[in-house]
Amino acid sequence: MPELPEVEAVCRKLRGAVTGARIVEARVLRCGTARVAEEAAGRTLKAVERRGKHILLRLSGGVTIHTHLRMSGNLYVIPDHRLHSVYARVIFELRGGQGIVLEDKRVLARMDALSDDEINSRLDRELGPEPLSESFTSDQFVARARGSRQPAKLFLLDQSNVAGLGNIYAAEALFRARIDPRKAMARVSPAKLRGLHGIIVSVLSDAVESAVAAYAGPGAFHSEESFPVAVYDREGEPCMTCRRRIVRIPQGGRSTYFCPGCQR
Ligand SMILES: [Zn+2]
């Protein structure tokens, strides 16, 4: 599943390859609205941006193509727009013959065309600060956490607190910060919360680096390059710090992994 680091890798690859490109035509087979085809043709791709796990292709004339990859989507450039895979759901033909493809085996990804204002105000409403930007400050994070009764893990997964952190990195950050994922945020000490803020930034920065390395050839991620995890998906295995067994519990309909020895 593409998490924030993978989405960032996808954006960087696109940004380098097609910023400034002219879109001749867009064909929507599935996963996209009719407006994508109507609005994209004839416009220039001015910028590729990311907000949380949302990808924003900024086109000329104040139009944005908004994409969410969900569970299995991918968005990448191909040398010839006609030579796409059978799982291509939206195909942009670029001047010069290249293509941008939204690919998704499971047909869960979503693409829409909106005005810049529409999508910006929608994402401003839904999403908290971007964890890899200057808007994510320690003071703001600690103040918000101190006022929250949400269990630590659910607080981190709530997009209005931090944009797009995701299940794996929320678990890893809480392990490194030695915080029990079940503990209400308001009961975690300010010192631990300040530590957690810095850990979120470093965990995500490391994860972006490994995702970018794994995405050297766009279209797929090499799993052997994946981020080294301490607790995620390691139920029953010994903790690398204290040797107690990693535990898995359900939280908010998803699995949380943690070490009951290290995380209090
Ligand atoms: Zn441990």
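This is a predicted model: local features need pLDDT of at least 70, side-chain atom pairs count only at pLDDT 80 or more; totals for chains, interfaces and linings use all residues.
Me: At what angle do the axes of α6 and α7 cross?

Reply: Two packed helices are described by the angle and the distance between their axes. Axes are fitted to C-alpha atoms over the stretch in contact, with angles from 0 to 180 degrees between N-to-C directions. Here α6 (residues 167-176) and α7 (residues 190-214) cross at roughly 130 degrees, their axes coming within 9 Å. α6 and α7 are therefore oblique. Both are DSSP runs (helices H or I, at least four residues; strands E, at least two).

Me: Which residues of α6 make the contact?

Reply: Contact means C-beta atoms, placed from the backbone, within 7 Å. α6 brings Y169, E172, A173 and R176. Among the α7 residues are L196, I199 and A207.

Me: How many bridges pair β9 with β10?

Reply: Pairing takes at least two DSSP bridges. β9 (residues 247-251) and β10 (residues 254-258) have five, in the antiparallel sense. P250 faces S255 of β10. Two residues lie between the strands in this hairpin, where G252 takes a positive phi near 55 degrees.

Me: Where are the domains?

Reply: Domain 1 spans 4-126 and domain 2 spans 138-258, with bounds from an automatic or database assignment. Their C-alpha centres are 28 Å apart. Domain 1 puts 14 residues into the contact, domain 2 puts in 15. On the domain 1 side, α1 gives the most, with seven residues.

How values were computed: Residues are numbered from 1 along each chain as its sequence is written. Angles under 35 degrees count as roughly parallel, over 145 as roughly antiparallel, 65 to 115 as roughly perpendicular and the rest as oblique. Two residues are in contact if their C-beta atoms, placed from the backbone, lie within 7 Å.
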